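Biologist: Could you walk me through how to read a few features of a model like this one? I would like the general idea and then the case at hand.

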Amino acid sequence: MSINLQNRREFLNLTSKGVAALTLSSLINSASGESPYIPTLHHAAKAKSVIFLYMSGGVSHVDSFDPKPLLREMHGQPMPVDVERTQFDQVGNIMGSFWDHKKYGQSGIEMTNLFPNIAEHADEMAVIRSLTANFSEHAQGNFFIHSGFPFLGHPSAGAWVNYGLGTENKNLPGYVVLQSEHSGTPHGGVSIFGNAFLPATNGGSIFNVSGSRAVPNIQPSMLDHEQRKALDIIKTLDAGFAQRTAAKDAVMASIENAETAYLMQQAVPELTDISEEPESLLDEYGVHDPVWYKSEYARQCLMARRLVERGVRFVELSCCPFEKGVQKANPWDQHNKIEIGHGAMASQVDKPIAALLTDLKNRGLLDETLVVFTGEFGRNPFAQGIGRDHNPQGFSAWMAGGGTSGGTVYGATDELGYYATENVSNIYELWATVLHLLGVNHEKLTFQHGGRNLRLTDVHGKVWSDIFA
Amino acid sequence: MRYRFLISPKSDFILPEFKVALIFGASSLNLFALDATPEQLEFFENKIRPVLAESCYECHNSVNKAKAGLALDYRDALLAGSENGSIIELGKPEDSVLIWAIRHEDDLEMPENAPKLEDHVIADFEEWIRMGAPDPRDKKPTQLDLDNAVAWDTLLEKRSNWWSFQPLRKTTPPKVSIPDWNQSPIDQFLFASLSEKGLRPQEQAGPETLVRRLHLVLTGLPPKIEVVKQFTADPNEKAYWDLVDTLLASEEFGERWARHWMDWYRYAESHGSEGDPNLPYASAYRDYLIRALNADVPYDQLLTEHVAGDLLKKPRINQELSINESAIGPAHFRMVPYGFGVVDAYQEQITNTENQIDVLSKAMLGITVSCARCHNHKFDPISQNDFYRLYGIMVSNRPGSLNIDTREKQEINKKELEKLKPGIRRSMANFWLENVDVAVHKLATFNFAETEEEKGIHADMKLPAGRRKLVLPTDPERLNQLLLKREIDQVGEYHPLAPMKLWKELPREDFNEKWNHQTMEHQAALDTYEAAKKNATFYADLRDQKTLDRWYRSGNGLGPKVSPAGSFSVAGEGVYAISGIYPRGVYSHLTSDKHNGTLASPNHIAKGEKSYLRATGLNGAIRMSARNYPLEQGLHPYKRAETGISQWYPLRKYKFWNGEQIHYQISTIGDKPVNASEGRSWFGVTEVIGGDIKVKELGVPLYTALPNASSLREPNSLLAIYKRTLRASIIAWKRRQITNAQAEFLSAFVRFDLLPNRLESLPAQQRGLVSQYRNLESEIPFPTRAPALLKGDVIDQPLLIRGDYKKPGDAVPRQFLEAFDNRPYSNEDSGRLELAQDIAGKANTLKSRVLVNRLWHYVFGQGIVSTTDNFGRLGKKPAHPELLDYLALDFEKNGWSIKTALRNMVASRAFRSGSLAPDEANKKDPANQFLSYYTPRRLDAEAIMDSINSLAQKDFERGVYKMSKRNQLDSFLSTFNFPIPTTTVSRRDSTSVPAQALSMMNGPFIQESAKRWAERVDSQLSESSFDQKLENLFLGAYARTPSKSEHETLEAYRKSINDPNTALERIAFTLLNTKEFIYVY
């Protein structure tokens, strides 16, 4: 191919110099004249990445990480306290757990055997038993837990993290949401992962790990050498345009972008190609499990590790329902038949998450990766049929790695597991803590929008320093 | 005391007079205070205390928050300093940490996250420290003291001095020496300031650039090749103006600018959250904007319409469409996101009302009022009261839809049809009187047993609508039988025709016994019902005119009067003539069931176990709404009235909502606030009850319709009773003396064709009358609807302390913002009309500035105020205040014409500048605020999409028409920064992300478009050379021909492509991928 000399020179000029420095400014409007936010740490970071194990639908805390023996004793009796309004307005009697509990690990954290493999990691877990949410309905709960606000329009935590820390691997997005063939998007839609008013690079990119095309439009539309040639022509034409207008910076940023996109075409297939992983490891995760929802989630867990290995800041996983096509948005939501539903859901995530923790640890990645496990709320201690309705007044989450202290329990609910009573916390505390471990002061990570300095934690938030290593 | 302070004397903490008196009277006072002269103390009170209180106390106080251990709310704490040491060196401002912090000289930049204090304020602090920091605050304050630390009046007065709250100032454009720049005021202002800054304007751009720029800015589409050729051939001044006028007059102009406008009002066609329910008729608002902008409706009119277009005495009528245009204006208030299935209706109301206020204040005024929900605005003259003033206005309306047809259209044939009805009644009654025996015989021989098929259908009909697999019989006879059996099944033994079923099933004695028993039980049930009414927490009898007068009516189907017993409806279609005869009540379809209606109760605080609404209808939508929440599922009861006889419809979640403000509503199905559907629909309603009761279905037992009580005990001959009752009922109907029970009794005979009711079975006279009715009825159109606000109870909202609805304060009267006006609104209605007048009125200094600034932003790439939605303290100040005010005044003077304003902008010399920055501009004005050149910028998402489509296709749908469902936004548009519709956006982001490159490189849209475009060019120029085709591609994409080097590059590229058939497509693909194509420059 012959490009004339003048063009060639401009072309080289544009692509070799200057472009790297523009990576950041490419995020903003070329004409706005505002300087971009330069990621800075406010203090030394413990963690570099977050793996967010989101249990959409709401895991029953009283059946898992916050066992309450009193429920079995009082099984069938009415609640002795006033009951808050519930979503389905079907308030039954107290219902004992279907799962037995015991002390796990050297630390002796009490947990049920709903997640037997995860529980074996007790000494790596910091269990928070006093979380609360302000909403008892899925979509609002999902938005709230992701963004600190109950409706669309505010950036997701992953976007804030990405914005605050900047990227480590420019060929991959900094915030990746993993999905599988049969998993869904939580109620509220993809805006739950959105960047909202933050620069668009910070929004969650959905990777579907089931097929070969994890990312939309990632499959090149032509052969590599043809695409290369087309890209070079485009660059040449762009270079000419950049000379004729005052849009040089923006055009160069776009050129950079196209290059990034080009490289992503290789980076993504490389990411999703797990042929080099040892069979024994794949088995530990359960990648080949004959039960489809187990293998799909196992692949997500493995992919999460591969993503944080490659410097991706925030990885969010999506559960699959245990029946194809049913309840994709909120698979943990067992208003009825909780024994079957929670049993199946736990069997989906238990082994892969345990394998992920082990794998991260073995690779020395757990120290710098913060694993966070939570749903949008817990479930009531009393029955709705033979299930449980939503309970935002008190529920559990856990964290592991990334500077947290394993084997700790923070906060508590009352003896029925209904209200958080000790160190009562909200989602704001959770994100304040996550940001702190990442080296970011949650009160300082702000973005001016609509006349307000907005943050992930709104005007709230306190760091759970008690769970730090 | 000689001097007075401006601070209100609410708290002793802020009342200096008292303090100062103490200072001079007491002996045990602190040295600093003692040393202070009255003048110094006055200085403190006027210059220092208000700033400390306003800007510092929140984070540095001794009550609830002392960041870095520092409190500034009384003298000792201030002198004690922070955890890092003292902050003031008395007499030495240069050595005082406090001064470093407010000057932003240190790492500390105080106040944090807020604009820097103004220079004169900083100078005051320096002066104060130089004086020795005189400070009379000798006591640690209380929380109450802190709350009242700065009197709002003081702040309001001070903050109202902010430039955007000042009246528009008349300014004279300066004369300039360069003739080119002396033609229009815009250029004169711009050139003068360019000169002042030592900047030179760029030379004028070439005609090919201008023709493309004009098209993209005014219509969002690239120019057609013919237009480019014509203009570039002779680009004279007249040709330029002609082009501008043609573009302003084009349909595409409105489509382009309506889309901008839709961003301001977060246009959406669904409510988001779980389920993402549709907002019915949302697109009416989009089309309204397109029409209004194309017709250049004055902006003050549009503003007024946006707030209260439905309430205008003289609305804008669109004769062509026969609609009231103005009434569509408030539709944007409905475009709020709602939470799904909320358990806390009040919290939800606060959230969605905040969104309405947020959009209203940003879109119309360019300020943020919504953040005053919890406390006074931190920087602007917006109080917490202001938020609740508007809140009351908003919640005094209810979400719904409006029939926007003109009055004439709504009333089509109404009078004529009403005139026909008495004749129909008379002649039908006469005909039926001849057929009483036939009717009763038909009933007596009716087979009440259900067939297997009918059982299946009945079971299916009980399922929720979405799960029904129902196939109803098409044969009217069979369908009729099925529906009769079903109705008896639903209503039970008190159905007027049920006794005949019993008569056929039971021996005579058993029947008599059963009959007496039923009668007694029914009377007992009536007693219970009467008692329930007395003890009800809510009871409304819509057969009572006074009750109806208190309810809220909307739609052309509902008249102001209660309809008497015997009112009837003529079927507009189908095989039957009369569709029902009704008891006294309110009905939406007495002329036609194409008419619409919404009837809603006043507010009521739910109390008790149960609630019911007695209704009849065809897809009549019954709702009970908590805090005006419009969604329907689970906790938010919704029922469909689908019976021909009145029945009690239970509203299941009444108990759940105990203590909450609710209202009842019944509407035709097209008027449901969500999930509406079109088609014939009607409702009738008689009663509503709520309380500790369980209402049994009272039905209309036969005995209640009997002409005299003597037949009550001995129904020896049921057939005879039926005959007597039927005859009496028909006569009573004819004479307009029918009772409620007789009407429903008669209706059952009519609706189920026991009395001959088939059109074909009527004698010629009757058939003729009904046909005449139908012909006229067929001319009635289905309503044209738009999302709207309907009237509700007028509410002065209590201020919520710290935004917490569990802490209500005093009720705040509905008014406009304090900074502009203090006239309270009337209590007759919500106050929207008065608000509309205020927003469009003289006192409001923001409206025109905000609008012309937005127009400027879209034309020049950045507003004179670059923060186009924020004209407050956190926004940017105008780069050209004089020009902005000139434009705003000129705009108002030109009849608020948006087209005229745009015409002046695009006609300016500044608009015609080249887009390359002159050398010095990068240094002196890197953001190009002063427009020394035309700012090149990426097109917005729709313009990119439309540009591509315009090359690839002859006819295509523009981006503005893409369905805007919140949870399924178009992915291509979203990739190019289409904003999530939640709040006002008049300045879209323009980020550059890999996903854009991926969708342009690999996405099917570009692939497909490149192919089609190349094919079009190929077929149009089938005989031409490659060069000519290449030129055509360039003209289409860039409105210019290729340069020599571009030609060489692409010629070489063509040759390098192995398959010559794809060469043109590949080139088309590369052109679509260039920045030049997606830029306006």
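Modeller: Happy to! Buried means under 20% relative accessible area, exposed over 50% and partly exposed in between, with a 1.4 Å probe and protein chains only. This is a predicted model, where local features need pLDDT of at least 70, side-chain atom pairs count only at pLDDT 80 or more, and totals for chains, interfaces and linings use all residues. Residues are numbered from 1 along each chain as its sequence is written, chains are lettered from A and ligands numbered from 1 in the order in which they are written, and side-chain values use heavy atoms, leaving out hydrogens and water.

Biologist: Is Phe115(A) buried or exposed?

Modeller: Phe115(A) is buried, as its relative accessible area is 2%. Trp332(A) is buried too, at 0%.

Biologist: How do I read a pair of aromatic rings?

Modeller: Such a pair is described by the distance of the centres and the angle of the planes. Here, rings of Phe, Tyr and Trp (its six-membered ring) pair if their centres lie within 6.5 Å; planes under 30 degrees apart count as stacked, over 60 as edge-to-face and the rest as tilted. Searching the whole structure gives 67 aromatic pairs over all chains. One of them joins Phe115(A) and Trp332(A), with 5.9 Å centre to centre and 45° between the planes, a tilted pair.

Biologist: Which parts does that pair tie together?

Modeller: Phe115(A) sits in the loop between strand S3 (109-112) and helix H3 (116-119) of chain A, and Trp332(A) in the loop between strand S7 (314-318) and helix H10 (338-362) of chain A, so the pair ties together parts 217 residues apart in sequence. Helices (H or I, at least four residues) and strands (E, at least two) are DSSP runs, numbered from the N terminus.

Biologist: Why is the pair of Phe197(A) and Phe447(A) stacked?

Modeller: Because the ring centres of Phe197(A) and Phe447(A) are 5.7 Å apart and the planes lie at 25°. This pair also links distant parts of the chain: Phe197(A) is in the loop between strand S5 (175-179) and strand S6 (205-208) of chain A, while Phe447(A) belongs to strand S16 (residues 447-449), 250 residues apart. Phe197(A) counts as buried, at 7% relative accessibility.

Biologist: And what about backbone angles?

Modeller: Look at Leu931(B): its phi is near 60°, a positive value in a residue other than glycine. Leu931(B) lies in the loop between helix H34 (921-924) and strand S20 (937-938) of chain B, and is buried at 5%. Another case is Lys337(A), with a positive phi of about 50°. For omega, see the cis peptide bond between Met110(B) and Pro111(B), at about -10°.
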